[in-house]
Amino acid sequence: MPIGRPIPPLTLTDEERETLERWLRRPTTAQALAQRARVILSCASGKTNTRVAREQRLTKQTVGKWRARFFTARVDGLLDEPRPGAPRKIMDADVERVVTATLETKPRDATHWSTRAMAARCGLSQSTVSRIWRAFGLQPHRTEAFKLSKDPLFIEKVRDIVGLYLDPPDRALVLCVDEKSQIQALDRTQPLLPMRPGQVERRTHDYRRHGTTSLFAALDVKSGGIIGRCHRRHRAVEFRQFLETIETAVPAELEIHLVLDNYATHKTPQIRRWLAKRPRYHLHFTPTGASWLNLVERWFALLTQKQIRRGTHRSTRALETAISEYIAISNERPKPFIWTKTADEILLSIERFCRRISDSAH
């Protein structure tokens with residue numbers, strides 16, 4: 001016959017089971033809490049402490065401890081109890097004072113607060129201010145740009161372009177077209193000092209200008225390939241020449257959907273006449289002030305980062321050669337940008353942002 005006290009069966013309510021399973025699924029749950037939830041779920045299935053301990057690679061005493069804690073306090077018994085420690089030195093009023101001053105005031109000698117300046121104002125240590133800012137997600141040293149489009153057809157254009165990205169039409173090519181204008185050919189006034197152990201690359205702060213060029217580019221949304229051509233000027237004439245470049249590069253049997261912004265050179269009578277003679281072209285204009293919808297802008301950012309920003313070019317021709325070489329290398333192994341958000345998700349995100357900034361003054 002069995003020896004020892006019988007262990008009462010452990011039963012869970014639907015709400016308790018759902019809570020324990022949620023702790024297991026949630027990726028941010030602490031490992032200790034997830035392990036306790038796993039133990040209780042195993043015990044609730046009718047297993048003995050010995051078997052649960054063997055399966056979970058724990059001691060029998062540990063399983064018994066959490067089983068008893070659950071019997072006593074149910075789900076709350078699995079949470080860590082408050083531990084004794086030194087009394088708080090930073091009170092809620094101090095935290096509120098720092099947060100309020102950060103959000104509602106500015107220092108006399110600067111446009112934004114630093115941890116040292118805020119510490120001096122509030123009579124706290126710099127590390128304390130830093131901890132408070134991290135806890136509330138405050139970063140006064142950072143700033144981001146934004147612009148809300150006022151296009152009356154904003155919603156329709158978002159749905160149109162995002163629909164092309166997520167569900168492109170059959171036997172058609174979707175090309176994101178734009179110009180990166182006035183790219184400067186810059187040369188430093190002295191030779192750069194290359195990187196070496198213990199020293200970053202160094203270059204002079206000043207430079208010589210050797211002219212500018214404009215890059216016309218079309219990004220194939222599906223393949224990630226680039227059609228590009230540099231021109232010294234940025235007019236409707238050059239844009240028509242670039243359209244002819246696209247016409248030559250794209251197979252004649254495919255329809256062509258062009259995603260464009262509202263720049264004036266895209267809508268001149270000359271361009272309209274050229275497009276009227278080629279009915280396979282379909283134009284999709286981004287909303288005014290919403291160039292982020294055009295995927296080629298992301299490729300322009302890569303071009304700037306990898307080739308232009310730190311490049312040294314002693315002539316416009318050298319700059320154009322470097323750009324052409326980068327395009328050729330990119331096309332050797334093209335990698336498309338994957339658009340993931342639906343139009344509804346984008347519009348909901350913008351709505352939440354508008355509500356947040358509208359309520360900020362109340």
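Arg74 lies in the loop between α4 and α5 (92–104); helices (H or I, at least four residues) and strands (E, at least two) are DSSP runs, numbered from the N terminus. The model is a predicted one, in which local features need pLDDT of at least 70, side-chain atom pairs count only at pLDDT 80 or more, and totals for chains, interfaces and linings use all residues. Residues are numbered from 1 along each chain as its sequence is written, and side-chain values use heavy atoms, with hydrogens and water left out.

Most residues other than glycine have a negative phi. Arg74, however, has a positive phi near 60°. A positive phi of about 60° is also found at Arg57, likewise not a glycine, in the loop between α3 (49–56) and α4 (60–73). With a relative accessibility of 29%, Arg74 counts as partly exposed, whereas Arg57, at 78%, counts as exposed. Here buried means under 20% relative accessible area, exposed over 50%, and partly exposed in between (1.4 Å probe, protein chains only).

The chain as a whole comprises 13 helices and 5 strands. Its radius of gyration, taken over C-alpha atoms, is 31 Å. A compact globule of 362 residues would have a value near 21 Å, by the rule of 2.2 Å times the number of residues to the power 0.38. The C-alpha trace spans about 95 × 60 × 55 Å along its principal axes. Of the 362 residues, 37% are buried.

In soluble globular proteins, nonpolar side chains tend to be buried together. A nonpolar core is defined as a set of buried Ala, Val, Leu, Ile, Met, Phe, Trp, Tyr and Cys residues joined through side-chain atoms within 4.5 Å. The largest such core in this chain has 34 residues, and those with the most contacts inside it are Val158, Tyr165, Cys176, Leu215 and Trp299. Elements giving two or more residues to this core include α8 (154–166), β1 (172–188), β2 (207–220) and α11 (296–308). A second, separate core of 20 residues includes Leu173, Leu175, Ile227 and Ala236.

Across the chain, 68% of the contacts with a separation of 6 or more join residues 24 or more positions apart.

Notes. Contact means heavy atoms within 4.5 Å.
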